[in-house]
Amino acid sequence: MKADSSLDPYFDIWKGKVARLIDEHPLQIISWEATRRCNLRCNHCGSPSEFVNLKDEMTTEEVIGAFDQIARDFDMSGFRHINITGGEPFVREDLFNILTHLASYSFYRNIDIQTNGLYIAEHPEILPFLKDNGVTGLGISIDGLGETHDHFRNYTGGFEKSVFAAQQAVSEGMVVTVSVVAHSGNVDHLEELYEFALKEISPRVFRVMFIDPIGRTDHDSKYLLNDSQKSKIIRFLQEKYESTCQDYPDRKTMMVELGCGGWFGRELEGTFRPFIFHCIAGLNNLGILYDGKLASCSNISREFIEGDLRKEKIRDVWENKYQRYRNRTWRKTGKCENCLDWDLCHGGAFHLKENPDCKSNV
């Protein structure tokens, strides 16, 4: 496939932005892994509870102290948002007290929570509270229709609850993302799921993520996608992305995107999601893990932990460490060694630490 030269200016602009992020590393995003505990046991979980000591989970006071420390020690004028993940964040009984505290800061009042939707389905009355306390967005996992979702998530009735939670959040005026983990068991039904979400939920975003060989999937590869299936997903996203960029008065607007699937080359970037990919881990995205360790997103291997807020000042770690995230030349080996796109991608998604195959021909 020939690259679209009309996008060259966007690639150059983005390359400059990445260079500035590396050089200046402004703290703009906090990814807080609230817990590793969960009320489900999904087949694919990238952050499973069995590989960690749950007793190490941060206390209420430690969480609040960490966010207070950041508010005090960092320039928050350009701060964007907090992304709360798990495990399942809503299993923390103190989550609401923490959100109330965060809401006392003006710059923390833009929070996304990634959830399986079970708690919200059972307690929809909590949605106004979430809005009043800075939660503007919810990412709700729906991985197929009916039994396909329930089997993947190991929970009978989970599909109905996740859909209901998403519907209630949309009706409350929240920015809802339907998050779909694409795997070998649902790849042929994405079109049906897309149409269902468009008609029955009408979220702001329909977000597809390739299943990756991390967490539980690293021990059970039957769900992994082959190249043909990945190509099918990209073509599906290209078709939907093109249609949402046009004026269709008879359709509701629902943007599609591929999540952190890596760099797909000049031939494809800019054709299937509303951004050009570069992994921002450790550039402007600080990760606070469930046990106070400092890294970036929770899907990145714990061998890339940079510090511990129980022992160190967060700002000291952010300013003086994170060199593996900001200087990624150690990844410039194998197929990446002579790649002409290196300055645009720096080895792709950081949670896939091994050099990825070039995806330009997917």
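Trainee: What is the relative accessible area of N154?

Mentor: A quick note before we start: this is a predicted model, where local features need pLDDT of at least 70, side-chain atom pairs count only at pLDDT 80 or more, and totals for chains, interfaces and linings use all residues. Residues are numbered from 1 along each chain as its sequence is written, and side-chain values use heavy atoms, leaving out hydrogens and water. N154 belongs to the loop between α6 and α7; helices (H or I, at least four residues) and strands (E, at least two) are DSSP runs, numbered from the N terminus. N154 is partly exposed (buried means under 20% relative accessible area, exposed over 50%, partly exposed in between, with a 1.4 Å probe and protein chains only), and its relative accessible area is 45%.

Trainee: Thanks! What is phi of N154 near?

Mentor: N154 is a residue other than glycine, yet its phi is positive. S202, in the loop between α8 and β6 (205–210), is not a glycine either and has a positive phi of about 55°. For N154, phi is near 55°.

Trainee: Which helices each supply at least two residues of the lining of the largest cavity?

Mentor: A cavity is a set of points on a 1 Å grid over the protein atoms alone where a 1.4 Å probe fits but cannot get out, and lining residues have an atom within 4 Å of a point. The search of the whole structure finds one cavity of 30 Å³ or more. Its lining consists of L40, N116, L118, H149, R153, Y155, G158 and S162. The helices that each give at least two of the lining residues are α6 (147–153) and α7 (158–171).

Trainee: On which side of α3 do its buried residues L95, F96, I98, L99 and L102 lie?

Mentor: Helix α3 spans residues 95–102, and L95, F96, I98, L99 and L102 in this helix are buried. They cover an arc of only 160° around the axis (taken from the directions from the helix axis to the C-beta atoms), so they lie on the same side of α3.

Trainee: How many aromatic pairs does the search find, please?

Mentor: Rings of Phe, Tyr and Trp (its six-membered ring) pair if their centres lie within 6.5 Å; planes under 30 degrees apart count as stacked, over 60 as edge-to-face and the rest as tilted. Ring pairs also link W32, F67, F79, Y105, F107 and Y108 into a cluster. Over the whole structure, the number of aromatic pairs is 25.

Trainee: How far apart in sequence are the parts that the pair of F11 and W263 ties together?

Mentor: The ring centres of F11 and W263 are 5.9 Å apart and their planes are at 70°, so this pair is edge-to-face. F11 is buried at 0% relative accessible area, and W263 is buried too, at 8%. Because F11 is in helix α1 (residues 8–24) and W263 in the loop between β7 (255–258) and β8 (285–288), the pair ties together parts whose separation in sequence is 252 residues.

Trainee: Last one! Which residue lies over the face of W318?

Mentor: A charge sits over a ring if NZ of Lys or CZ of Arg is within 6 Å of the ring centre and within 35 degrees of the ring normal. One such case is R331, over the face of W330 at 5.9 Å from the ring centre. Over the face of W318, at 4.5 Å from the ring centre, lies R326.

Terms used
1 Å grid on protein atoms, 1.4 Å probe; cavity = no way out; pocket = protein on both sides within 12 Å on 5 of 7 lines; lining within 4 Å. Points joined across faces, edges and corners; volume = space filled by probe spheres on them.
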